[in-house]
Amino acid sequence: MWKKIVFAVVIVLFAGLGLAWLNREAVILFIASHTGKQDVAENRQIDWQQGPTEETSSPSARAPNVIFILADDLGFNDISTFGGGVAGGAIKTPNIDRLAREGVIFTNAYSGTASCAPSRAMLMTGRYPTRTGFEFTPTPNGMGRIISSVSRSHESGIPPIEWNEAAAATSPPFEQQGLPGSEVTLAEVLGDAGYHTVHIGKWHLGRGPEFGPNAQGFDESLLMASGLYLPEDDPEVVNARLDFDPVDKFLWARMQYAASYNESDWFEPGGYLTNYWTQEAQNVIRANRNRPFFLYLAHWGVHTPLQATREDYEAVGNLEPHRLRVYAAMIRALDRSVGDILDTLDEEGLAENTIVVFSSDNGGPGYIGLPDINAPYRGWKLTLFEGGIRVPLFMRWPARIEAGRTVSAPFAHIDLLPTLASACGAPLPEGVEIDGRDLLSVATGEAEPNPDHPIFWQSAYYQSVRRGDWKLQVSQRPDKVWLYDLSTDPTEQVNLADERPDIVAEMKALLDAHQEGAREPLYSYTLEGPVAVDLPLSEKLRSGEEVIYWPN
């Protein structure tokens, strides 16, 4: 009832201000900005659990520490490791480059899928959605209806986002759209092996007593409760709104500046999110320097809404357009975070026997309106073209991994759980089928990988498989098949589906076998979003451009 009252008040207010203000989008976003929010207390100090104050054994004699740094929506070309970098290479990432240089670079690394939450679930469990049922990214209550409505007022030429109200009505609340508690996570595997486990940042796998980080094996969790990096009116923040993106409009309307520690009430973080998570991660390292620990630092950067500190904004120079400059400043903060973590390990004498992994949950999105973030690959987040799933993946462990190594065989996020468990001497859970492979011997150079091992991706009717150098994509919207030979066509320019029906048949058989006995999704998809494969959302759709739908 109170929502209807708010709506009526808004109508009266807008009418009083003049009919020019009265439009559907403005009303929808005004209501969104005044609903679904929580009280946020002042910042509070985190009293991290302290490990032994005295060194009972040297760091080299213990099981290795593990720090996994996960970026959000980082484009393959956003870092300078591969010769790229933001703004045509104008903005370098020296700290991420250092991490890559001092360990092993997986040059054909893949995320679990092309959207964040299912990718994170595969990373945490080493299992495909065909086993867990966790196939779609949870969306906050009301988001589907709002972004679908807002998308209809845009004039980009791309069709509007479709929202299924009936499916949404049967879905659990946002907090309960989570990875089932019966699943065994990397945190649980390492915790059972004696590790102290800490999560900092984004989670997106559900909240509460079954789904939250504490329920899924983390002794401590400093959670990103909502998604503003700083308050919008903070004097030290520079914002970049994306008027062409319905999702961005929803985020600005609904998001708050908030954190939570071990399921506590929400409170304000202690600074710009990327910096704050990093400082707290450094505190965790110091608190646990005398015992094995697993730190999962899941940054929100560089996901929208685009917000940077004024200091980073000034440091990157006069880049155009404005959103590019803000984005570059966010990349700078993310890179500095990696450097601060590495420096802290050096200061505490832990670098030699600490495994540091860096990756991104998926490729960069087209909806931020920056055309080169996934170069040279086609596609974006929310597509299964290489741009949506090809990610940086680096692993540094000076005690075991020789600096400067590269591995060209495909490596996927689902391989991380068995690989890291092996490195830590932690047994895999009994009675649980793990889809990922233990590739530790590949990372250390002690064995050669199997390049023909298939890797699968899916979101409902849109599916893909890579085996060897062949990659197949199939979809129902459009009803189409794409086949590429990545050995000669890594950027997926020439569709060979008509020329090689024999390979198409073999690859489809792999997809069919993968789906045999698959678990039904935990809840249905409620959105179908069109994505122009070769154009950022900021550009008007041209005739003949390929558009594919992403069900979520």
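A: Contact means heavy atoms within 4.5 Å. This is a predicted model, in which local features need pLDDT of at least 70 and side-chain atom pairs count only at pLDDT 80 or more, while totals for chains, interfaces and linings use all residues. Residues are numbered from 1 along each chain as its sequence is written, and side-chain values use heavy atoms, with hydrogens and water left out.

Q: Which residues is F358 in contact with, leaving aside its neighbours within four places in sequence?

A: F358 meets F68, I69, A71, L74, I96, L99, L334, V338, P392, L393 and F394.

Q: How is a nonpolar core to be read, and how many residues has the largest?

A: A nonpolar core is a set of buried Ala, Val, Leu, Ile, Met, Phe, Trp, Tyr and Cys residues joined through side-chain atoms within 4.5 Å. Buried means under 20% relative accessible area, exposed over 50%, and partly exposed in between (1.4 Å probe, protein chains only). Here the largest core has 86 residues, and F358 is among those with the most contacts inside it. Helix α14 (residues 322-347) gives the most to this core, with 13 residues; helices (H or I, at least four residues) and strands (E, at least two) are DSSP runs, numbered from the N terminus.

Q: Is H299 buried or exposed?

A: H299 is buried, because its relative accessible area is 0%. The residue lies in the loop between β9 (293-298) and β10 (306-309). Among the residues that H299 touches are I69, A71, W277 and L334.
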